[in-house]
Amino acid sequence: MLLDLLIAVFFFLIGLEIRAGIKDARTAVVPIVAALGGMICPAVIYLLLNPGSHVWATSMPTDIALALGVLSLLGKRVNSNVRVFLLTLAIADDFFSLLILGIFYGDDLHPAKAISTLGAAAIGLLIPLRQHYLAKIIKILTPISTYIIVPVIIILNIPFNIDVSSFGSKTTISLVLARSIGKLIGITLFAWLCIKLGAQRHLSMREIAGVATLAGMGLTVALVIGEIVATSSSELDQVRLGLFLSAIISGITGYIWLRKTPAQQ
């Protein structure tokens with residue numbers, strides 16, 4: 001019950017953030033298009049490696065709290081526009097993830113889960129609020145989400161009693177490869193295509209690739225989706241393990257990549 005409430009607050013905040021980000025859509029074409037690539041490519045890779053699997057959507061979401069946490073460790077070593085790009089990409093990613101959850105997994109959503117995920121996000125997206133109050137609520141809820149809700153969801157899903165055989169399972173391996181490689185390829189490729197077609201950019205392609213690497217740190221939304229769509233406890237454990245491993249790989253690789261990347265002036 002308490003966990004469902006925390007998840008509801010988390011998704012309510014997602015709805016608010018999506019709404020707040022909509023006003024900047026025209027100036028955020030590249031990260032929005034890149035977000036699509038960062039979801040399509042991991043899903044394709046996952047399904048190629050593990051065709052017919054019901055949990056393919058867990059390969060798609062980006063975890064903004066974790067990625068921004070790694071980014072904060074770099075401080076002024078990175079261009080300030082990197083953070084803006086990552087925020088915009090993650091907001092778009094959350095929006096597309098909610099659409100996928102509703103379209104492809106609507107039948108798997110029990111009433112309580114539907115209310116605490118899609119329902120809560122819809123309220124955040126549609127509730128009539130002036131911009132001033134919207135910004136104020138986001139400012140209040142963001143630290144609660146970052147320092148309380150996200151850690152609780154992650155800790156409750158840490159695969160402490162994981163079966164050793166899960167490390168070699170198709171689900172785990174497919175998730176690790178789909179997220180750590182697919183996010184990098186998808187985000188970078190779609191951003192490059194968008195820029196080639198005339199969209200403005202404020203980052204170098206190397207910086208965009210660094211953001212794409214960090215985007216492989218998808219836990220919170222992906223874990224919630226995993227709990228909804230996994231068909232057995234063993235499959236859920238494999239999903240959890242794959243997500244944690246890919247988050248560690250992506251976080252370390254993204255940190256090293258951006259640390260060695262000169263900020264574009």
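Reader: How many aromatic pairs does a search of the whole structure find?

Author: A pair of aromatic rings is described by the distance of the centres and the angle of the planes. Rings of Phe, Tyr and Trp (its six-membered ring) pair if their centres lie within 6.5 Å; planes under 30 degrees apart count as stacked, over 60 as edge-to-face and the rest as tilted. The search of the whole structure gives 4 aromatic pairs. One of them joins Phe10 and Phe11, edge-to-face, at 5.5 Å centre to centre with 85° between the planes. Phe10 and Phe11 are both buried, where buried means under 20% relative accessible area, exposed over 50% and partly exposed in between (1.4 Å probe, protein chains only).

This is a predicted model, in which local features need pLDDT of at least 70 and side-chain atom pairs count only at pLDDT 80 or more, while totals for chains, interfaces and linings use all residues. Residues are numbered from 1 along each chain as its sequence is written, and side-chain values use heavy atoms, with hydrogens and water left out.

Reader: How is the pair of Trp56 and Phe104 to be classed?

Author: The ring centres of Trp56 and Phe104 are 5.3 Å apart and the planes stand at 85°, so this pair is edge-to-face. Because Trp56 lies in the loop between helix 2 (29-49) and helix 3 (64-74) and Phe104 in helix 4, the pair ties together parts that are 48 residues apart in sequence. Helices (H or I, at least four residues) are DSSP runs, numbered from the N terminus. Trp56 is buried, at a relative accessible area of 16%, whereas Phe104 is exposed, at 52%. Ring pairs link Trp56, Phe104 and Tyr105 into a cluster.

Reader: Which residues have the most contacts inside the largest nonpolar core?

Author: A nonpolar core is a set of buried Ala, Val, Leu, Ile, Met, Phe, Trp, Tyr and Cys residues joined through side-chain atoms within 4.5 Å. The largest has 74 residues, and Phe11, Trp56, Leu71 and Phe85 have the most contacts inside it. Helix 4 (residues 80-105) gives the most to this core, with 11 residues.

Reader: Where does Arg206 lie?

Author: A charge sits over a ring if NZ of Lys or CZ of Arg is within 6 Å of the ring centre and within 35 degrees of the ring normal. Arg206 lies over the face of Trp257, 5.1 Å from the ring centre.

How values were computed: Helices (H or I, at least four residues) and strands (E, at least two) are DSSP runs, numbered from the N terminus.
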